[in-house]
Amino acid sequence: MQKTIQSHPFHLVEPSPWPLAASLALLTTTLSGVMYFNNYANGGLLLTLGLISTVLSMSLWFRDIIIEGTFQGSHTSKVQQGLTLGFILFVISEVFFFISLFWAFFHSALSPTVELGCMWPPAGIQVMNPWEVPLLNTVLLLSSGATVTLAHHGLIQGNRKFTIYGLIATIILAILFTGFQGFEYINAPFTIADSVYGSTFYFTTGFHGFHVLIGTIFIAVGLYRVINYHFTDFHHVGLEAAIIYWHFVDIVWLLVFIFFYYWGS
């Protein structure tokens, strides 16, 4: 069999079942979620199956991408630039998602209506002390941003142990952050049903916590790949994407702490 010589640096992706599988899984998750929220029969079961299908299809899709870039050599410098640019555009879309949440918060906070008691926080809402668990979580998350940056520099300089220890420290700090946020939710003096304050607070901090969880998995996969020698000092787009995502999570939390916990209280 004669092998065709490629005369360009770009990766022509072979047909894959995972985009279609992911689409069907997401459709199932959405429809079953509506069924579950409206108490339809077997809504919870279908929602669970939809979520499992989504995770599996994404995992297998990412597995193929890792194989293409690590073992098949398909990710040339041009492909790496495209992947990095694409991920940056994804992060920009996430920025605008959080802008909408902050917009909802400031819409009510800067001009509280009569229904809110003409005050912010609304009448009857007992807010959290920003200098307790929120401050601790801020220190943890900003420290994790420093450790993941140190891990990146260690990889570039060829210091393998430094990279591994930095990523492990980042994961530990991220898990501690998630644990303390759960503790904060359990002991919170208000719920998501308590006025627009509770709605915007839990929606924003909850989605940020979800992003922290995704980022933790992202970095854990990066750690696994570092241990298995998947990255070099000039070929580590997967880890760079995780670092960009983690710094985005850091910045969002800093704004959440300043406006939701300190200024908003």
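## Ser57

Ser57 touches Trp18, Ala21, Ala22 and Ala25, leaving aside residues up to four places away in sequence. Touching, or contact, means heavy atoms within 4.5 Å. This is a predicted model, in which local features need pLDDT of at least 70, side-chain atom pairs count only at pLDDT 80 or more, and totals for chains, interfaces and linings use all residues. Residues are numbered from 1 along each chain as its sequence is written, and side-chain values use heavy atoms, with hydrogens and water left out.

Ser57 sits in helix H2 (residues 43-70). Helices here are DSSP runs (H or I, at least four residues), numbered from the N terminus. Ser57 counts as buried because its relative accessibility is 4%. Buried means under 20% relative accessible area, with a 1.4 Å probe and protein chains only.

## Gln181

Helix H5 (residues 160-186) holds Gln181. Is Gln181 buried or exposed? Gln181 is buried, at 5% relative accessibility. Gln181 touches Asn137, Thr205, Gly209 and Trp253, again not counting residues up to four places away in sequence.

## Helices H6 and H7

Two packed helices are described by the angle and the distance between their axes. The axes of H6 (residues 195-227) and H7 (residues 237-263) come within 9 Å and cross at roughly 155 degrees. Axes are lines fitted to C-alpha atoms, for helices over the stretch in contact; angles run from 0 to 180 degrees between N-to-C directions. H6 and H7 are therefore roughly antiparallel, a term for angles over 145 degrees.

By class, the contact of H6 with H7 has 19 nonpolar, nine polar and one charged residues. Nonpolar covers Ala, Val, Leu, Ile, Met, Phe, Trp, Tyr, Cys and Pro; charged covers Asp, Glu, Lys and Arg; the others, Gly among them, are polar.

Conventions. Helices (H or I, at least four residues) and strands (E, at least two) are DSSP runs, numbered from the N terminus. Buried means under 20% relative accessible area, exposed over 50%, partly exposed in between (1.4 Å probe, protein chains only). Angles under 35 degrees count as roughly parallel, over 145 as roughly antiparallel, 65 to 115 as roughly perpendicular and the rest as oblique.
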